[in-house]
Amino acid sequence: MPLYALVDCNNFYASCERVFAPHLEGKPIVVLSGNDGCIIARSQEAKDLGIGMGVPEFQVRHIIRSNKVTALSSNFELYGDLSSRVMSILAETSLDMEIYSIDEAFLDFSNVSNAFEYASELRAKIKQWTGIPTSIGLAPTKTLGKMANMIAKKRTTNGVFEINKDNLSKTLESVSVDEIWGIGAKSANKLKLMGIFTAEQLRKANHVIIRKALSINGEKTLMELNMIASVYVEDVPAKQSIQTSRSFGTDVTNIEDLISAVSYFVLTASEKLRSQQKLARNLYVYARSNPHKSNSNRYYYGLSYDFSTPTDDTSFINNIAIKLIKAFYKNGCSYKKAGIVLSDLTDKAHLQVDIFDQQEPTPNKEPLMLALDRINHKYGGGTLHMASQNLSNKWQSKKDNMS
């Protein structure tokens, strides 16, 4: 029987902040979104205070102040770096690995002897080498692995929990259908109307009825709960678009600053495009004014452009983006947010060139893009940038609480 381990970093963003500020250990922390607007991460101590996920900071400011909660601006460069370090440690195990998110990865433990002890040692190594605490769930299927990880995080002291045939029924009885990986709120409500409230009740349900109510995905979940592997992370559809956008710290009132912001978005998005070995067929650029200001100058506009040949060339994409901005820019308008979307993605290895292509040729650009990515990766994002990015960065989001 296969055995999967789901390694999940605990309260990841908050844990990253504690690595460089150990005095925050055991104290409530929240991490804020762009412009320090909403709560996007919480330590367990902050969760226990009743601070919700995604709520605007001003709505819980009284809780933050009265309980001396540390509120920090998001630092995604830091989180990305520590994520890479954790994933590198997992990769060194030489076990088959599937990275599920920035702070989660599945490992194939099928051939690991004494899996519980090995998981405990791996967890200790990650903590020692990176400072990031983790929880590890062990189970014969990935759905049960997610469930085991949740239990390891909430109900154990050693951070490791295994679901096997001996404790399967008892474990599933303690898990609500709302907590099952792949069961959303609507599906959970449907199950409850059918009298199914726990994972154990779902496991024993009729396959045909569940498939009719929740489609094939619901039936796969049922099979996974019965230790029959049916859900695979690699089956998740590949993303068909890459979006980069940002709300500005102060309103942008001239086209130069708007072009600077969009050029930064192009640089970031095209780097992601190349890292995924993808090419884009379409570019969409948009900008809008502040929708919360009550005046007559509210404005939203966007334009798209279809590339005759899919591309990942930063300079070419940026030139098109600037042309689109100039086409829809409106004088006298204050812009609060802008963004770009690269869509209709295709694998770089499967590129088919149109013999009637009128797109401007870009000879020898691939080595240049490779050098650009390597330098920015080594020395930090933005070390090399587009000439259209002015260095004042007046449009940058507010980060008044950066650690």
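Asn11 sits in the loop that joins β1 to α1. The model shown is predicted. Asn11 is not a glycine, yet its phi is positive, at about 45 degrees. Its relative accessible area is 22%, so Asn11 is partly exposed.

Ser94 also has a positive phi without being a glycine; the angle is about 65 degrees. Look for Ser94 in the loop between α4 (76–91) and β5 (97–101). Ser94 counts as exposed because its relative accessible area is 67%, and the cut-off for exposed is over 50%.

Now turn to the second largest pocket. It holds about 580 Å³ of space. Its lining is made of 24 residues. Nearest the centre of this pocket lie Asp8, Asp103, Glu104, Lys146 and Lys153.

Which elements each supply at least two residues of this lining? They are β1 (4–9), α1 (12–19), β3 (39–42) and α6 (142–155). The helix α6 gives the most, with 7 residues. By type, the lining of the second largest pocket divides into 11 nonpolar, 9 charged and 4 polar residues.

Leu384 belongs to the segment after α13 (365–379). Is Leu384 buried or partly exposed? Leu384 has 35% relative accessibility, so it counts as partly exposed.

Conventions
Residues numbered from 1 in each chain as written. Predicted model: local features only at pLDDT ≥ 70, side-chain atom pairs only at ≥ 80, totals over all residues. Heavy atoms only, no water. 1 Å grid on protein atoms, 1.4 Å probe; cavity = no way out; pocket = protein on both sides within 12 Å on 5 of 7 lines; lining within 4 Å. Points joined across faces, edges and corners; volume = space filled by probe spheres on them. Helix = DSSP H or I, 4+ residues; strand = E, 2+ residues; numbered from the N terminus. Nonpolar A, V, L, I, M, F, W, Y, C, P; charged D, E, K, R; others polar. Buried < 20%, exposed > 50% of the residue type's maximum accessible area, 1.4 Å probe, protein only.
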